[in-house]
Amino acid sequence: MSQFMAPQILLLKEGTDTSEGKGHLISNINACQAVVDIVRTTLGPRGMDKLIQDDKGKVTVSNDGATILKLLDIVHPAAKMLTDIAKSQDAEVGDGTTSVVVFAGELLKNSKEFIEEGVHPQIISKAYRKACELSLQHLNSLAIDIAGKSPEEKRMLLERCAQTCLNSKLIAGKKEMFAKMVVEAVSSLDSDIDISMVGIKKVQGGSLSDSQLVQGVAFKKTFSYAGFEQQPKRFSNPKIVVLNVELELKSEKENAEVRVESTQDYQGIVDAEWNIIYDKLEKIVATGAKVVLSKLAIGDLATQYFADRDIFCAGRVPEEDLKRVMKATGASMQSTVNKLSEEVIGTCELFEEKQVGNERYNFFTGCPHAKTATFIIRGGSEQFMDETERSLHDAIMVVKRTLKHSKAVPGGGAVEMELSKLLREYARTIHGKSQLLITTFAKSLEIIPRTLCENAGLDATDILNKLRAKHASSLPSVGIDLTTGEICDTWKSIVWEPSLVKMNVLSAATEAACLILQVDETIKNAQTNQGSDSFGAGGMPSGRRGGATGGRGRGRPF
């Protein structure tokens, strides 16, 4: 039995770096704090924007937390978890990406003093999870439900949630206009609310107020041949055929060989090629269709053929746009021109080609199956339109989640202050270390209203004291009015947020904080990360102790 009693020795590959212990945990928390400090100033209606240039020279201007963290080259493994929760928040609810990172960072920051004093991370994690569970229970009691309300009331609530989401975006000045557009677009979708059916097109030039919502489909004019200009550009109630068929003469395959013994034989081969395509075109014309769209190319012969018969055609239409055309018009994509029955042909009230800025766009409006919509965004610069697109995506996701979840809570820091008050009251009823830790969780919740104040240039201490006094007087919907710099009833001030956003912020941030707190050792293989990404002592990137992001662009770290 002696061989089983011998101590086991674990040998790691030469060059492997390991970091463990209390110092390593503190190092992880500091790295996460470095990431939080980058996005903290973007929170809220008065948050600042970040200008990021990647290694290819592309410039992005954004205040969306998930976008910023996605563009940053974060090399610290613990700090990457904050990027993951921001992406998760963006995918799940669309909004609150900065809030979830800031709250998770504050939980870690406040737990650092307990770690230094020797409190076991498992005890901290257990208390945080208990506090999160209590917060979620209280959150449901603070929410109002739009289920069963009249369509007018439901629409008003959705628009207010969308406006609150757009408050912190570059397009906040036009939030009423865009909120109505977003609600109208989402309301026109199927019951499953597939947001891929909402298209967003960007046309440079003009002002933001020139942006429009098309109840149907709009896409940029595709490449076309000379005969295109002779085709009609407007139809009322046209029949629409959608094909996955190539309508052009194809050259022979490489190295193909056909042996002929006379010029008549050669002419017969040529005629056969022409007959094949003419047969296809005749069958399409026989359906009575006035608009022909194809995923594949439509050549010059077919373009001129359709033009002579007053038919509009477009080839190489992007698949995404074709799907939305089929959804809106009721057409079905066909891979053959044989047996084109009425069941597979779509229609709409009006088809027209119009000029939008410097581009030509095809519009399908008045569709009988209007289960899709298209935003056409105007703006002076490409970066501005990109940020407008991201803002609309967040608002669309918020409206979608509100429709499905049907509950909203007051914004402006009101929910966080109320939950903080309730957790402090609960902490006074229990004993032991959990009392301090749940109080710490309650204190961490206040980072959201505090950051809102700091980003707006307000006195955070004064505002938070006023909020605590109001919430102690049983006024749970009192939050911050960043327009006046005072406190207000956020229900009346139309600062509403879907409760699902707050639920995801609390859950994701708590799980991320607990996960990081439970990491007691990092093992890094030197061969997998070399050069600037290598770790120094304590698991930190060499050359930048205490930071979490690596250099990107022209040698300059973000």
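Predicted model: local features only at pLDDT ≥ 70, side-chain atom pairs only at ≥ 80, totals over all residues.
Residues are numbered from 1 along each chain as its sequence is written, and side-chain values use heavy atoms, with hydrogens and water left out.

The chain has 17 helices and 21 strands. Helices (H or I, at least four residues) and strands (E, at least two) are DSSP runs, numbered from the N terminus. Of the 558 residues, 50% count as buried; buried means under 20% relative accessible area, exposed over 50%, and partly exposed in between, with a 1.4 Å probe and protein chains only. The accessible surface of the chain is about 26,000 Å², and carbon and sulfur atoms make up 49% of this area. Accessible areas come from the Shrake-Rupley method with a 1.4 Å probe, and for residues only the protein chains shown count as cover. Among contacts in the chain with a separation of 6 or more, 74% are between residues 24 or more positions apart, a contact being heavy atoms within 4.5 Å.

Helix H9 covers residues 263-286. Its 24 residues should span 34 Å at 1.5 Å a residue, and its end C-alpha atoms are 34 Å apart, which agrees. The expected span is 1.5 Å times one less than the number of residues. Val270, Ile277, Leu281 and Ile284 are the buried residues of H9. These buried residues pack against strand E9 (239-243), strand E10 (291-294) and helix H10 (300-308). Ile269 is also found in H9, but counts as partly exposed because its relative accessibility is 32%. Together with Val258, Val260 and Tyr266, Ile269 forms a nonpolar patch on the surface, with about 360 Å² of accessible area in total. Patches are made of residues with over 30% relative accessible area and no salt bridge, with like charges joined within 9 Å and nonpolar side chains (Val, Leu, Ile, Met, Phe, Trp, Tyr) within 5 Å. Just after H9, Gly288 has a positive phi of about 85°.

Next comes a sheet. Strands of a sheet pair through backbone hydrogen bonds, either parallel or antiparallel. Here three strands form an open sheet in the order E4-E17-E20, with antiparallel pairing. Strand E4 (144-145) and strand E20 (496-498) are the edge strands, each pairing on one side only. E4 is joined to strand E17 (residues 407-410) by two bridges, and two strands pair if DSSP finds at least two bridges between them. Asp145 has Lys407 in E17 as its bridge partner.

The whole structure holds 23 salt bridges, each a side-chain nitrogen of Lys or Arg within 4 Å of a carboxyl oxygen of Asp or Glu. One of them links Asp321 and Lys201, at 3.0 Å from N to O. Asp321 lies in helix H11 (residues 319-329) and Lys201 in strand E5 (residues 198-204), so this pair ties together parts that are 120 residues apart in sequence. Asp321 is buried at 3% relative accessibility, and Lys201 is buried at 14%. Another salt bridge joins Lys466 and Glu486, with the closest N and O atoms 3.2 Å apart. Lys466 is in helix H16 (residues 460-472) and Glu486 in strand E19 (residues 486-489), so the pair connects parts 20 residues apart in sequence. Finally, a network of salt bridges links Asp64, Lys169 and Asp394.
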